[in-house]
Amino acid sequence: MSLIRASRLLRLSTTPALRLSSSKACPPPSQDKPNFPCVDAHAARESKLIASRAPRFEVTDNADTGPEPAYARPNPTTYHTYHHPHPLPLTYSTTPLPAFDIAYETWGTLSPERDNVILIHTGLSASSHAASTPANPAPGWWEKFIGPGKAIDTNQFFVICTNVIGGCYGSTGPSSIEKATGKPWATRFPIISVFDMVNAQFHLLDHLKIHKLYASVGCSMGAMQSLAAGWLHPDRVGKIVSISGTARSSPSAVAMRFAQRAVLMADPNWNNGFYYDGLPPHTGMKLARQIATITYRSGPEWDLRFGRQLRTLPSDATTQSSSAASMDASYPSQSRSPALCPDFLIETYLDHQGESFCLKYDANSLIYISKAMDLFDMTLPALQALNIRRRVPHQSAELSPSQAQPHKTSHSKSHPPPVNPPAYLPSLAAGMAPLAKIPTLVLGVQSDILFTVEQQREVADALRMAGNDSVSYYELGGVWGHDTFLIDTLNVGGAIRGFLS
């Protein structure tokens with residue numbers, strides 16, 4: 001890796017533009033020279049990584065950036081690991097995954113009948129640490145919702161949360177060692193699907209001798225998993241909770257995730273995925289996280305939270321400029337020149353979000369798991385094209401699109417169904433027919449731009465068209481966007497509590 005970078009620098013140093021920079025005709029260093037600390041930060045981080053020989057992922061403290069929950073890499077001693085020694089058939093590969101590990105944590109007490117189990121499915125980058133445990137008292141990513149007396153009451157339920165396969169927080173993924181080579185899988189790791197993630201989770205349930213879930217609960221990508229669990233194992237899922245998810249990834253969401261992967265894979269350190277013996281693609285990861293963060297929140301929230309406020313200048317700035325950059329400033333004044341690096345607080349927020357994440361998560365895991373989200377499509381033709389072994393109860397029957405029931409509204413009077421439902425809705429209803437007997441809660445957020453309320457309505461409509469008469473549908477207001485499922489304890493938690501009771 002160092003030779004590649006050295007040769008690149010050598011080529012750059014011989015270009016005409018850079019040769020001119022050393023000419024006597026150029027201005028001396030004492031004159032004004034462009035300064036870009038936001039760009040220099042990438043080089044400084046790389047120098048630090050080289051000097052410290054940092055591990056593949058770095059455990060860093062979580063700064064207080066507002067209402068966002070903590071995301072951190074858990075210590076392996078704080079979670080359980082189930083090793084499945086047998087091959088796992090995969091959706092998009094004729095060669096199964098030879099074996100796999102799955103990291104998980106639990107809360108509450110398993111009932112003697114083993115019938116009080118709730119499986120929590122995570123979003124893209126979350127670990128199994130959904131809530132604090134004696135082994136890891138740090139707050140989990142869903143701390144407000146799991147625990148005694150909370151929405152998912154651990155006095156009543158035995159709760160399990162796993163890190164998905166493809167991840168990097170204890171479950172088998174691209175950063176895991178491939179037994180055949182003794183090296184990390186990297187991009188030799190097979191393409192995985194949401195259905196593969198769920199099948200791996202059910203192997204864990206088999207290991208724990210849990211035949212049927214009281215409920216399958218998921219948010220964002222976890223909502224996809226929750227629906228997939230009902231589709232794959234309709235006789236083993238008692239209830240489904242789908243929050244801010246979808247049954248069919250939209251083109252806009254695919255585009256956003258593609259942009260994240262594109263900037264990450266353009267980082268020279270990515271090296272086609274084989275970076276584990278060198279530097280991680282930290283700059284690409286930072287930019288990818290910034291793009292993702294834009295999709296997780298909403299414009300109205302940022303207007304309330306940041307407005308057009310400017311960042312405070314460094315302490316060595318002049319008093320006059322510092323005064324002009326006060327928290328009440330809404331635009332650069334004559335005494336403060338605009339900068340090409342962050343000027344606005346919203347820019348510094350995105351910069352911090354990317355910086356705090358870029359060494360916490362494996363780049364290849366982000367690529368593989370985000371691709372699995374793109375591929376998720378529960379319309380009947382898409383499902384029929386997959387190589388999936390599914391357990392089908394005797395009473396279950398597949399529907400063709402023409403057999404789907406007429407459109408049934410899933411909306412309140414203030415949110416009537418669309419006059420012209422999407423053309424694929426009958427196919428989606430036919431594909432989701434195996435879930436017809438499973439009570440389902442669908443919860444969406446009006447300010448969500450990643451998984452819009454229209455997609456939540458489609459899930460509820462498709463289930464009802466498939467014959468499911470036990471669909472509860474709610475839309476939430478608020479300004480938190482997609483991340484509402486992490487923040488709005490009162491409304492999200494209340495809907496979950498009522499549905500599970």
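**Close-up views of a predicted model**

View A. The side chains of Arg 305 and Glu 301 form a salt bridge with an N to O distance of 3.1 Å. This is a predicted model. Both residues belong to helix 8 (residues 299-305), where they are four residues apart, about one turn of the helix. Arg 305 is partly exposed, at 22% relative accessibility, whereas Glu 301 is buried, with a relative accessible area of 4%. A search of the whole structure finds eleven salt bridges.

**View B. A salt-bridge network of Arg 45, Lys 286, Asp 351 and Glu 355.** Glu 355 meets Arg 45 through their side chains in a salt bridge (2.7 Å, N to O). Because Glu 355 lies in helix 10 and Arg 45 in helix 3 (residues 37-52), this pair ties together parts that are 310 residues apart in sequence. Glu 355 is partly exposed, at 33% relative accessibility, and Arg 45 is buried, at 7% relative accessible area. A salt bridge also joins the side chains of Lys 286 and Asp 351 (2.8 Å, N to O). Lys 286 lies in helix 7 (residues 282-296) and Asp 351 in helix 10, so parts 65 residues apart in sequence are tied together by the pair. Lys 286 is buried, with a relative accessible area of 2%, while Asp 351 is partly exposed at 25% relative accessibility.

**View C. Strand 11 and its parallel partners, strand 10 and strand 12.** Six of the six residues of strand 11 (residues 440-445) are buried. Thr 440, Val 442 and Gly 444 are covered on one side, and Leu 441, Leu 443 and Val 445 on the other. Strand 10 (residues 240-243) is joined to strand 11 by four bridges, with Ile 240 opposite Thr 440. Six bridges pair strand 11 with strand 12 (residues 471-476), and here Gly 444 stands opposite Glu 475. From strand 11 the chain passes through helix 14 (residues 453-465) to strand 12 in a right-handed β-α-β crossover.

**View D. Positions listed as "active site" in an unreviewed UniProt entry.** The record lists Ser 220, Asp 448 and His 482 under this term. They are spread over 263 residues of sequence but cluster in space, with a largest C-alpha distance of 10.8 Å. Ser 220 is located in the loop between strand 9 (215-219) and helix 5 (221-232) and is buried, with a relative accessible area of 8%.

**View E. A nonpolar surface patch of Phe 36, Val 39 and Leu 340.** Together these residues have about 320 Å² of accessible area. Leu 340 sits in the loop between helix 9 (319-324) and helix 10 (345-357) and is exposed, at 77% relative accessible area.

How values were computed:
Residues numbered from 1 in each chain as written. Predicted model: local features only at pLDDT ≥ 70, side-chain atom pairs only at ≥ 80, totals over all residues. Heavy atoms only, no water. Patch = residues over 30% accessible without salt bridge, like charges linked within 9 Å, V, L, I, M, F, W, Y side chains within 5 Å. Areas by Shrake-Rupley, 256 points an atom, 1.4 Å probe, with all protein chains shown as cover. Salt bridge = Lys/Arg side-chain N within 4 Å of Asp/Glu carboxyl O. Helix = DSSP H or I, 4+ residues; strand = E, 2+ residues; numbered from the N terminus. Buried < 20%, exposed > 50% of the residue type's maximum accessible area, 1.4 Å probe, protein only. Pairing = 2+ DSSP bridges. Right-handed = clockwise from strand over helix to strand, strands pointing away. UniProt positions renumbered as here; feature names shortened; annotations may be inferred.
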